[in-house]
Amino acid sequence: MGKKRSTFLFSVLCFGMAFLYVPMIFLIIYSFNYSKIVAVWGGWSLRWYAELFRSQEIWDALVLSLKIALMNATFATLLGTLAGLALVRFGRFKGRTLFTGMITAPLVMPEVITGLSLLLLFITLGDLIGWPGERGITTITIAHITFSMAYVAVIIQSRLAGMAQDLEEAAMDLGGKPFRVLVDITLPLLAPGMVSGWLLSFTLSLDDLVIASFVSGPGANTLPMLIYSRVRLGLKPDINALATIIIVVVAVGVIAAGYLMLRQQKQRERDMQMAATDTVKVTA
Amino acid sequence: MSEQTQFDDRPWLDPEAEPFIQVSGVTKRFGTFTAVDNVDLQIYQGELFCMLGGSGCGKTTLLRMLAGFDNPTSGSIYIDGADMTDVPPYERPVNMMFQSYALFPHMTVEQNVAYGLKRDGVDKQEILQRVEEMLKMVELSQFAKRKPHQLSGGQRQRVALARALVKRPKALLLDEPLGALDKRLRAQTQYELMNIQDQLGVTFVVVTHDQEEAMILSTRIAVMDAGKFAQIGTPTEIYESPETRFVANFIGSANMFEGRITEDSADHVVVRSSDPACEFYIDHGVSIKEGSKVWVAVRPEKIRVSVSAPENAAANQLSGTVRDVGYLGNTSTYRVQVADGQIVEVTHPNQSRPRGGKHAVDWDDVVHLSWEPSSAVVLTE
Amino acid sequence: MSSILSAYAAQLQHRAQSGWRSIVVFVPYIWLFVFFLAPFLIVLKISLAESLIASPPFSPLFEWTEEGVLTLQLVFDNYSYLWEDDLYVKTYLNSIKISTISTMLCLILGYPIAYAIVRSSPTTKNILLMMIILPFWTSFLLRVYAWMGLLADQGTINSFLVWLGVIDAPIRMMYSEFAVYVGIVYTYVPFMILPLYANMEKLDITLHEAAADLGARPVTTFLTITLPLTSPGILAGSLLVFIPATGEFVIPDLLGGGNVLMIGRVLYNEFNSNHDWPVAAAVAIVLLFVLVIPMMIYQHVQSRESEG
């Protein structure tokens, strides 16, 4: 009985993983195709990678996207951390319900709605106060910060909620004023959460097409916008090459991060074990 | 023999008796770790049998094999004459009470108790009636509609018990049944468990790490260590006649003196110890070569303590200085340092009140320790 | 004891509420107010305006009449237009149909996967989780693009089937609802797996043993214990798929083309190609109304989860 069940689970697992990875594998294979028509195999070649590196348009879009992603990640982490702190450690304050709503809503809000509403805001502001005069890098960054900070706030919130408040209480008991406690105790403990929030915001920004398309102006093409305009009408071999590079970079990053985390965890376990044996030695 | 008259209560002494649960040569390995190592065990109808041991001794694994959650690597398990070795848990005629109680959090007390009966396809009317009876027995009738998280620890424990018993299992397996209760509740629940077992006549197999619990509850105790049984016997046998130093130390505490046999006959043994220099006279024989190394174990409460030296007997006597006094009210425990520096623990009932704030025996007093030849046991391993 | 301490902490907090503490609350508060809440009010306002051929292409909502009186002009034409043109009604219904079916497909695929991950050894568990999360970090757009390569008439799947001799001519898979389902399930299944995993991870294994001990066969155990206890995870995962899928733009645009009606795509086109802002705004407001209940349920599930 148990055998049958685990066979079923195992096959679904294999199917699921194949489903997730086979499309990417083919994407990668075809990036090495010489032929101009993606689906027709014309032999192995690095032709499209060369083409990709020569394309000024792609470099420009990449640089723009990275700039936006960096700014977005930094500001979103700052604002999101503040929001998370406010949510968990500040108890009740006026308008808390609205605040909570505004933080969770961007997580599930369809992108078309967020994009449209932000664009209309920028236009209205432009008419009213003359800012932003031109849409582009600034407006995209603001839009990205708005939804990224919500993700950061949720990460920080869950980390704070899992963190025993008695550490902060102990610091206060030892004479730390609230601000000192925040700087000396809370923020250092939140650092890992802030790092993952930063990374998540960075990726979310690099990944976004819909919102950027709405709030961008003429001349500001982010990388996803450029890719989208190229692939709308069909397969493009140089995009396969670009996709391969992105997938490889991300995979290396994620695997390295996972490996580091695992090693850290093992190290901690070893440390704890050593501490335990030391204690035994001391007491014996 | 005097035991003859008590045969009815002690089926394990009857060679003709059919064991109800028969474990033969069962071994369980997890990878390279052997949790249960080739054990044999017979449990009889109506027993309240305890498996006692420290964590990792294999007692829980053995219980889980009786329930069917783990299958033995080798060996066989028979329950009521039927081979259960590879039968899945849902087809076994036994039920288990889990250490965590494992109450279904999304069901009410009533639904929890009815769960097993529904699985057996018992008809609705009968389920209602049996659940009601059972809840009445564990005194939870007024909580029938509550969810587990609305109950106290003791109430949850009783729901778990009711849920397992309502199916009228041939045997009830209990994993640390009192482990999650506080001390006061535990004492009360112990007796409740015994009453219920007595009422229903169901065979109970209990796993516990608490020796006091095992002593109070059981008809027989199996002391487990490193996947094997160190000793199986009644609480009295285990306490009064431990077979190994492990058992002697595990149940209660015991003072150990190392020595060599100088005289061995059918009705007594003499053991000579050099540190502390002393001779021990024990009134039971051991069939072992003279000169072999043995240990003499004496329970702290079997030792007399006095300020003046006892008159007769040269054997079973030590003297030393009181280093610590643990006053517990009803008894006091003295830690007496004898000649070679060894500490001997002595428990003494406080039969009289301290006079003028002074106890009969106090710190730094020089005292004499002595005991009867029948109070000590000779251990060979 | 702990309640005394926390009361003390609360008092300290209260006393220090002024100054830097208000900054902590106000900066993100103001930001979200200006860039998240205010835009919705503007969308609402524009959806109630008349469309004009001008820049901006809508009539102002507040107008000073010649007598110096402020008048508010609300036009519900855009909403009645949506209601009368059955293309919009059909598109909303079709979006909901597609996202509902996709959600169920994600659940059917994701549930056993999450269960298998929970049941595997710690090391395998970490690797599998990483494999589920990895696609999430790569570009969403490129993952949809990957399916264009597989599903196209001359794509990998068709070429393979023709080569095998199973079919003579390519099957039409691109630009169909089928392609949209594949795309949505593919991109959103991790959002189903992760909350389910988090939920199942907390599930006490002894409950399964207790059920088996009481006579439940594996299937019964699953139906009476596992399924009810994982329902919060099922709900959270389903909403995480359903809500964004309903408003999805990229997948229907790239894989569905003009053949699949989905509201996100209509909204995008209404805005960017037809420049009919008031209608686009009305479309957005109606979509928001459609999704507001699932969004509120999600928020409720989340807050209950975070409070334990």
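How many residue pairs, both at pLDDT 80 or more, are in polar contact between chain A and chain C? The count is nine, a polar contact being a pair of N or O atoms within 3.5 Å; within protein, one must be able to donate a hydrogen and the other to accept it, and residues adjacent in sequence count only if both atoms are side-chain atoms.

## Basis of the report

The model is predicted: local features need pLDDT of at least 70, side-chain atom pairs count only at pLDDT 80 or more, and totals for chains, interfaces and linings use all residues. Residues are numbered from 1 along each chain as its sequence is written, chains are lettered from A and ligands numbered from 1 in the order in which they are written, and side-chain values use heavy atoms, with hydrogens and water left out.

## Chain A against chain C

In this interface, 89 residues of chain A are in contact with 88 residues of chain C, where contact means heavy atoms within 4.5 Å. The buried area between the two chains is about 8,500 Å², and carbon and sulfur atoms give 81% of it. Buried area is the accessible area (1.4 Å probe) that two parts lose on being put together, summed over both.

The rule finds one salt bridge across the interface of chain A and chain C, the term requiring a side-chain nitrogen of Lys or Arg within 4 Å of a carboxyl oxygen of Asp or Glu. A:R232 forms a salt bridge with C:D253, and their closest N and O atoms are 3.3 Å apart. On the side of chain A that touches chain C, helix α1 (residues 2–31) of chain A gives the most, with 16 residues. Helices (H or I, at least four residues) and strands (E, at least two) are DSSP runs, numbered from the N terminus. By class, this side of chain A has 67 nonpolar, 14 polar and eight charged residues. Here Ala, Val, Leu, Ile, Met, Phe, Trp, Tyr, Cys and Pro count as nonpolar, Asp, Glu, Lys and Arg as charged, and the others, Gly among them, as polar.

## Chain B against chain C

Chain B brings 23 residues into contact with 19 residues of chain C. The area buried between chain B and chain C is about 1,700 Å², with 62% given by carbon and sulfur atoms. Of the area that chain B buries against chain C, 33% is supplied by B:Y90, B:H106 and B:Y115, more than any other three residues.

Two salt bridges are found by the rule across the interface of chain B and chain C. The side chains of B:E91 and C:R217 meet in a salt bridge, at 2.9 Å from N to O. Eight residue pairs (both at pLDDT 80 or more) are in polar contact across the interface of chain B and chain C. The elements α1 (59–67), β6 (94–97) and α2 (109–119) of chain B each supply at least two residues of the side that touches chain C. That side of chain B has 13 nonpolar, four polar and six charged residues.

## The two domains of chain B

The domain assignment, which is automatic or from a database, divides chain B into domain 1 (2–246) and domain 2 (253–379). Their C-alpha centres lie 38 Å apart. Seven residues of domain 1 of chain B are in contact with seven residues of domain 2 of chain B. Between these domains about 660 Å² is buried, and carbon and sulfur atoms give 56% of this area. B:Y239, B:P242 and B:R245 supply 76% of the area that domain 1 buries against domain 2, more than any other three residues.

One salt bridge is found across this domain interface. The side chains of B:E240 and B:K302 meet in a salt bridge (3.1 Å, N to O). Between domain 1 and domain 2 of chain B, three residue pairs (both at pLDDT 80 or more) are in polar contact. Helix α7 (residues 235–240) of chain B gives the most to the side of domain 1 that touches domain 2, with three residues.

## Local features

Over all chains the structure holds 32 aromatic pairs, counted where rings of Phe, Tyr and Trp (its six-membered ring) have centres within 6.5 Å; planes under 30 degrees apart count as stacked, over 60 as edge-to-face and the rest as tilted. The rings of C:F36 and C:F40 form an edge-to-face pair because their planes stand at 80°, with centres 5.1 Å apart. C:F36 and C:F40 are four residues apart in helix α2 (residues 20–47) of chain C, so about one helical turn separates them.

Most residues other than glycine have a negative phi, and most peptide bonds are trans. The peptide bond from A:W131 to A:P132 is cis, with omega near -5°, and A:P132 is placed in the loop between α5 (111–129) and α6 (137–162) of chain A. B:A102, a residue other than glycine, has a positive phi near 45° and is found in the loop between β6 and α2 of chain B.
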